[in-house]
Amino acid sequence: MTERAFPEIDTSAASPTPAAEDAAVRAQQPAHGASNTRVIWLLLAATFVVFLNETIMGVAIPSLVVDLGISLTAGQWLTTGFMLTMAIVIPITGFLLQRFPTRPIFITAMGLFSAGTLLAALAPGFEVLLGGRIVQAAGTAIMMPLLMTTLMTVVAPADRGRFMGRVSIVMSVAPAIGPTISGLILNYLSWRFMFWLVLPIAVAMLVIGARRVENVSETRRTPIDVFSVVLSAFGFGGLVYGLSLVGGEAAVGGSNLPLWISFGVGAVGIAAFIVRQLVLQRRDRALLDLRTFRSGNFAVSVSLMVVMMGALFGTIIVLPIYLRNVLQLEPLATGLMLLPGGLAMGLLGPTVGRLYDRVGPRPLLLPGAIGVSAVLWALTLVGTQTQPWIVLLLHVALSVSLAFMFTPLFTTALGSVEPRFYSHASAIVGTVQQVAGAAGTAVFITVLTAHQVAAAAGGASGVEAEASGVRGAFLIGAIVSLAAIAGAAFVRRPADVPEGVPAH
């Protein structure tokens with residue numbers, strides 16, 4: 001194997017011009033061939049493994065409550081802690097991907113994930129299991145920005161939609177089949193096998209990647225700003241933790257103090273973090289460079305991602321509640337009902353990517369946004385007598401519509417920034433995913449709870465009240481989705497590829 005070495009840029013010395021840095025990145029793209037394709041496929045496979053693990057725990061929490069003798073609130077920390085770690089680590093990846101080569105970053109990410117998986121499988125109690133989940137999350141947080149940055153670095157602009165479509169498979173199929181796999185494992189085996197079955201795959205990916213992944217990016221000798229790391233942890237961690245409390249016990253009964261303290265810490269931390277980055281980026285030392293937002297196309301695409309991610313995660317959390325509590329389906333049946341939509345979204349990714357390369361984002365985004373909105377409006381009509389097959393079809397239609405949104409948005413957003421900012425743009429997109437997902441879950445659950453309480457106070461039965469809450473949650477999503485239709489009209493193809501140029 002031929003190892004590719006790229007010179008390290010020392011920002012403490014006479015720095016190259018931005019144009020020279022961008023030209024250095026673009027110079028690598030014509031070399032796109034078998035070796036670069038192998039790197040991307042390895043990263044895709046590894047990212048699939050770590051994303052599969054992200055959603056596998058939710059179904060297992062009731063079993064863990066019994067087996068470990070913990071409360072349901074404590075059990076929820078296995079997902080909340082994972083989400084918090086992701087929110088804290090992802091903003092740092094913009095710096096890490098510029099400072100260190102591709103292979104060491106990959107080994108670190110998969111090493112952390114494998115170590116966390118082993119720790120969780122062997123956990124004698126809740127505390128060690130939570131620690132294993134946090135270590136897993138640290139590795140998971142690095143993988144998606146690493147994949148995105150590598151793809152943008154080595155793939156020519158005319159082919160990016162096709163490759164980004166493959167990323168959609170990872171983002172959609174892995175989370176979709178996670179709950180189903182978890183349900184099947186729990187039906188026949190101990191919860192520990194959720195980790196024992198993943199561990200050999202993770203270790204295999206680590207070994208193969210350590211041998212095959214090549215260094216495909218330039219590095220910059222930039223010192224890390226520790227104060228920015230602290231501000232990022234308090235800001236994004238506080239915001240995501242506050243969102244995780246919304247709709248829970250602190251929000252609907254008891255004290256709201258922890259909720260508002262968390263939001264306050266998050267707001268102050270993020271504001272201070274932004275100011276700090278604006279100062280540091282003048283010297284090219286920002287932990288997360290915000291000059292990416294100078295591109296209006298990037299800003300609009302990221303805003304649409306917020307709406308779509310909120311709709312996706314809100315639907316993912318509310319539909320199972322509706323299927324279980326209102327339509328009275330079994331847990332395994334509920335998981336299987338949501339599986340076709342996730343598979344459809346992922347499998348459509350490559351096709352949508354090829355269409356993007358040919359026609360650009362707008363012809364895909366507009367019908368996608370209209371489809372998402374139409375499904376959400378239809379879901380405001382569900383009730384206690386709705387047939388499950390109708391919900392199945394609506395979920396598949398929603399997933400197909402989202403498939404026409406995500407690949408164009410990711411490709412357009414990352415392709416709209418200067419090449420030297422690819423790693424920072426990838427980190428921002430990853431952070432937006434986490435925050436928007438937490439926000440969507442919080443808003444949908446809060447509205448569901450409020451409508452359910454109001455309906456029960458008006459004399460509705462328990463099932464009728466919950467159905468009313470579900471309709472209220474989807475009504476909020478439907479209203480917000482109208483903004484996505486308007487925003488889709490403002491997204492344009494990045495200037496690298498003229499309109500009408502077909503992919504190679």
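The model is predicted.

Start with the packing. The largest nonpolar core counts 121 residues. Within this core, Met110, Met143, Val167, Met308 and Phe410 make the most contacts. Helix H13, residues 296-326, supplies the largest share of this core, with 14 residues.

What is Met143 in contact with, leaving aside its neighbours within four places in sequence? The partners are Leu43, Ala46, Thr47, Val50, Phe106, Ala109 and Met110.

Turn next to helix H15, which covers residues 362-379. The helix has 18 residues and reaches 26 Å from first C-alpha to last. That is close to the 26 Å expected at 1.5 Å a residue. Its buried residues are Leu364, Leu365, Gly368, Ala369, Gly371, Val372, Ser373, Val375, Leu376 and Leu379. In an α-helix, residues three or four places apart point the same way, because there are 3.6 residues a turn.

Finally, look at the second largest pocket. About 350 Å³ of space lies in it. Its lining has 17 residues, and Phe236, Phe293, Ile428, Thr431 and Val432 lie nearest the centre. Helix H12 (257-280), H13 and helix H17 (422-457) each give two or more residues to this lining. H17 gives the most, with six residues.

Key
Residues numbered from 1 in each chain as written. Predicted model: local features only at pLDDT ≥ 70, side-chain atom pairs only at ≥ 80, totals over all residues. Heavy atoms only, no water. Helix = DSSP H or I, 4+ residues; strand = E, 2+ residues; numbered from the N terminus. Expected span 1.5 Å × (residues − 1). Buried < 20%, exposed > 50% of the residue type's maximum accessible area, 1.4 Å probe, protein only. Core = buried A, V, L, I, M, F, W, Y, C linked by side-chain atoms within 4.5 Å. Contact = heavy atoms within 4.5 Å. 1 Å grid on protein atoms, 1.4 Å probe; cavity = no way out; pocket = protein on both sides within 12 Å on 5 of 7 lines; lining within 4 Å. Points joined across faces, edges and corners; volume = space filled by probe spheres on them.
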